[in-house]
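Subject: Structure handover

Hello,

Here is the structure you asked about, with the sequence alongside. My notes on what turned up in it follow below.

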Amino acid sequence: MWASSTANALKISSASRTHLSYASSLSRCFSTVLDGLKYATSHEWVKHEGTVATIGISDHAQDHLGEVVFVDLPEPNGQAAKGSSFGAVESVKATSDIYSPISGEIVEVNSKLTETPGLINTSPYEDGWLIKVKPSNPSELDSLLSPKEYTKHCDEEDASH
């Protein structure tokens with residue numbers, strides 16, 4: 001029951017290795033939040049580099065989901081719409097939709113996750129990224145949370161459960 005309510009709260013229902021630094025503050029449950037990324041309240045992260053934005057789910061989200069056993073991702077060349085589901089993650093606890101924090105053309109999908117979905121658990125910010133998008137409205141990035149704001153959001157959300 002807790003897993004199901006957490007998945008609902010996370011709004012997740014049924015990257016190349018880049019040098020990122022750890023944010024100075026960590027949430028109460030010791031999930032990692034990285035500087036250099038933007039975060040959605042639905043627990044996806046975005047790293048915008050040049051004309052492409054890499055999207056994945058946060059360490060906080062994967063921790064609450066538990067062991068990821070299957071990932072359903074879209075085909076490349078499709079469209080991602082801000083706030084809309086583009087795939088799903090199935091864990092031993094729940095199946096959860098993944099929501100796009102920005103709109104744009106999907107230019108790449110992490111095919112490694114088909115064979116090794118657990119990369120989301122072991123490396124959510126590097127090997128476990130989900131899709132790469134060419135943003136159609138880069139200003140949407142401005143509405144996302146900073147690492148500090150996201151840490152506060154996670155702490156408040158965890159305290160309410």
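There are two aromatic pairs in this structure, which is a predicted model. In one of them, the ring centres of Tyr39 and Tyr150 lie 4.4 Å apart and the planes meet at 10°, so this pair counts as stacked. The cut-off for stacking is an angle under 30 degrees between the planes. Tyr39 belongs to strand β1 (residues 38-39) and Tyr150 to helix α5 (residues 147-159), so the pair links parts of the chain that are 111 residues apart. Both tyrosines, Tyr39 and Tyr150, are buried.

The other pair is Trp45 with Tyr125, which is tilted: the centres are 5.8 Å apart and the planes make an angle of 55°. Trp45 sits in strand β2 (residues 44-49), while Tyr125 is in the loop between α4 (119-122) and β9 (131-135), so this pair ties together parts 80 residues apart in sequence. Trp45 is buried, at 1% relative accessible area. Tyr125 has a relative accessibility of 7% and therefore also counts as buried, since the limit is under 20%.

One further contact involves an aromatic ring. The charged end of Lys132 sits over the ring of Trp129, at 4.9 Å from the ring centre.

Next, the helix that carries Tyr150. Helix α5 has 13 residues and spans 18 Å from its first C-alpha to its last, close to the 18 Å expected at 1.5 Å a residue. Which residues of α5 are buried? They are Pro147, Tyr150, Thr151, His153, Cys154, Glu157 and Asp158. These residues cover an arc of only 160° around the axis, and therefore lie on the same side of α5. Lys148, Lys152 and Ala159 are exposed, on the other side of α5.

Now the sheets. An open sheet of six strands runs in the order β1-β2-β3-β9-β8-β5, and its pairing is antiparallel. Its edges are β1 and β5 (79-80); each has a single partner strand, so one side of each has no neighbour in the sheet.

Asp72 stands opposite Ala88 in β6.

As background for reading both sheets, strands pair through backbone hydrogen bonds, either parallel or antiparallel.

If you open the model, the stacked pair of Tyr39 and Tyr150 is one place to start, and the buried side of α5, which includes Tyr150, can be viewed with it.

Regards

Terms used
Residues numbered from 1 in each chain as written. Predicted model: local features only at pLDDT ≥ 70, side-chain atom pairs only at ≥ 80, totals over all residues. Heavy atoms only, no water. Phe/Tyr/Trp six-rings, centres within 6.5 Å; stacked < 30°, edge-to-face > 60°. Helix = DSSP H or I, 4+ residues; strand = E, 2+ residues; numbered from the N terminus. Buried < 20%, exposed > 50% of the residue type's maximum accessible area, 1.4 Å probe, protein only. Lys NZ or Arg CZ within 6 Å of the ring centre and 35° of its normal. Expected span 1.5 Å × (residues − 1). Arc of directions from axis to C-beta. Pairing = 2+ DSSP bridges.
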